[in-house]
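Morning, everyone. Please have the model open.

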Amino acid sequence: MCDPLVASALGNELAPAFRGIAYLVFENFDFSSFGNRLPMITVEVASGPAMVLGEEVISDGLGLSAHEPTSSHQLKGYALSGDDMAGALAPLYEALAPNFAYSAEGWAIGSVPTLHVIEDELWTLLPGSSDLASDAGQVSESPSKVSIRYFDPAIDFAASEKCARLPGQERLQRIELPAAVAAGQAKALAFEQLERLNTGLATAWLRLPLRYAHIKLGDGLVSASDMLTAFKVCALMLGPGEIKFQVRKEKKGLSPLPGDAGGIGGRMVLGRKPLSVSLLELPTSSGDDTSDVAVLVSGGHEPFQALTVHVSADGVSQDVLSASRPSPQGILQQSLPSGAHDLLDERYAIEVVFEHDPKLLSVDEATLYAGANLIRVGQEFIQFATAKPLGAAAYRLSGLIRGLYDSGGDTQHQVGSAVHIINASSYCIFTVPRERFGGTYTVCVYGPDGQTASETLTVLGLAHRPWAPDHIQVVEDSVGLEVTWVRRSVDERAWLDGADAMIGSGVEAYVLSLADQNGRTIHLETGIASAHISYSELALLGARPWLLEVRQIDNGLIGNVRTHIIP
């Protein structure tokens with residue numbers, strides 16, 4: 001809505017609203033005290049305490065999809081103007097140079113490109129690509145000095161300037177940044193821009209095996225023997241048994257000159273951590289006749305870089321995966337006694353120290369019962385409601401639901417037990433068909449400097465195995481023992497009336513064994529949720545106590561055991 005004074009002078013149809021622009025209108029203002037001229041007017045615009053990401057401003061202005069907020073370009077405030085949105089955003093784009101990415105959701109401001117370490121023996125160049133090993137193609141006319149003009153919130157948002165420069169004849173590029181940023185950040189922006197402008201333009205082709213298929217455009221490549229010289233992936237081409245990457249050598253990291261405190265010095269060098277891999281058969285499945293196995297990888301590059309995962313069965317290659325994120329893995333710091341399964345346990349809590357902070361969050365009861373915050377301690381699946389940070393990637397987890405998916409809440413866990421967070425974003429999976437249940441799978445992960453880690457797992461079809469019966473009761477009568485139990489179905493599915501089988505199953509079937517202290521055993525099978533053992537059968541056993549075990553059979557899969565001691 002336009003100002004009433006402007007509208008009265010120009011008319012409502014001709015008065016501009018100036019949407020998005022703050023302006024002052026003076027009516028009957030006496031200039032006599034100011035020499036009959038417009039005085040110098042200072043206006044202070046107060047902003048809230050929250051910072052805004054510069055990349056988010058660009059993304060929203062261009063109407064792009066949500067981006068990953070991985071950048072550190074935080075602004076205290078900004079002011080944009082121009083003939084159109086693209087023109088208004090141009091100064092921010094020039095200063096921040098955001099990385100665009102394309103996904104199924106469309107274009108977005110993407111995450112920071114990944115730096116990959118390539119083994120020296122794989123550094124194979126195509127004929128005639130010697131430029132890769134030289135500094136040819138450096139642009140001699142690139143700016144040797146970059147100046148960023150900005151507004152400094154530390155000195156009442158006064159206009160300020162920070163520079164980054166290289167030795168030699170000065171060639172200046174000045175950027176007007178219409179935003180309020182800290183002085184150190186403005187200095188870092190100047191060095192980032194200077195490094196981008198002093199990048200080599202000569203390109204060459206590099207051949208790599210198919211296990212490097214996870215490398216994407218814009219990523220950086222370094223050799224294991226020279227991690228200070230990086231190459232940017234400009235194009236890629238898939239060939240028979242290999243991938244060809246067109247790469248461009250980037251100038252080595254720029255260091256601030258003496259007196260240029262606040263700049264960024266040198267290119268980041270990746271660290272190393274021991275490579276490890278764990279296999280976990282998930283308790284739920286994406287198919288009716290398949291089982292999903294999660295591959296949890298940690299270590300390797302520090303910070304973590306995507307790693308190639310090879311899956312084989314009985315020595316035959318099955319799949320090639322990419323582990324794009326580390327899997328949060330921890331160690332139990334105190335013992336956990338046994339408890340009731342599938343019930344909220346307010347008595348016990350566990351303390352866990354993770355390799356890196358998984359940033360766990362507490363949830364309310366409704367979210368908890370919807371399946372949130374699932375972990376595995378040893379072989380037991382547990383949920384937690386409350387996560388209390390203890391510092392240094394350590395958490396105290398309470399409000400536990402034990403023994404989920406028939407994993408045994410009566411299990412005790414000792415100090416040092418492995419803890420895995422079951423989060424689909426932190427692992428990759430491979431699928432095993434029903435006909436391969438009982439088969440052995442081996443996974444090998446390839447890390448930097450020739451590191452490898454492998455793990456083997458026998459796939460049991462966990463998501464389809466019947467659950468153990470519950471509430472076993474034994475009553476002794478005049479002719480023997482009457483044994484009863486409560487039948488259970490996977491995921492608590494209903495039972496089909498009149499068919500004595502749960503929905504999705506074949507027939508109802510159980511196997512029982514009763515053993516004495518010397519190992520003599522009686523075996524029985526039944527198609528109902530009870531069994532009778534006569535005294536003539538019991539005569540085969542020795543002295544009591546006896547150990548009773550009950551298992552359910554479903555579609556050829558034998559479920560977990562439920563035990564009972566008969567005194």
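Which residue stands opposite Leu 481 in S35? It is Ile 533. Before going on, the conditions: this is a predicted model, where local features need pLDDT of at least 70, side-chain atom pairs count only at pLDDT 80 or more, and totals for chains, interfaces and linings use all residues. Residues are numbered from 1 along each chain as its sequence is written, and side-chain values use heavy atoms, with hydrogens and water left out.

Back to the sheet. Strands are DSSP runs of E, at least two residues long, numbered from the N terminus, and two of them pair if DSSP finds at least two bridges between them. S30, residues 480–486, pairs with S35 in the antiparallel sense over five bridges. Those two belong to an open sheet of three strands, in the order S29-S30-S35, with antiparallel pairing.

Now the rings. Rings of Phe, Tyr and Trp, the last by its six-membered ring, pair if their centres lie within 6.5 Å; planes under 30 degrees apart are stacked, over 60 edge-to-face, and the rest tilted. The structure holds seven aromatic pairs. In one of them, Phe 354 and Tyr 395, the centres are 6.3 Å apart and the planes at 70°, so the pair is edge-to-face. Phe 354 sits in strand S21 and Tyr 395 in strand S24, so the contact ties together parts 41 residues apart in sequence.

On accessibility, buried means under 20% relative accessible area, exposed over 50%, and partly exposed in between, with a 1.4 Å probe and protein chains only. Phe 354 is buried at 5%, and Tyr 395 is buried at 4%.

Phe 381 and Tyr 405 make an edge-to-face pair, 6.0 Å centre to centre with 85° between the planes. Phe 381 lies in strand S23 and Tyr 405 in the loop between S24 and S25, so this pair links parts 24 residues apart in sequence. Phe 381 is buried at 3%, whereas Tyr 405 is partly exposed at 26%.

Last, Phe 26, Phe 29, Phe 31 and Phe 34 form one aromatic cluster.

Terms used: Helices (H or I, at least four residues) and strands (E, at least two) are DSSP runs, numbered from the N terminus.
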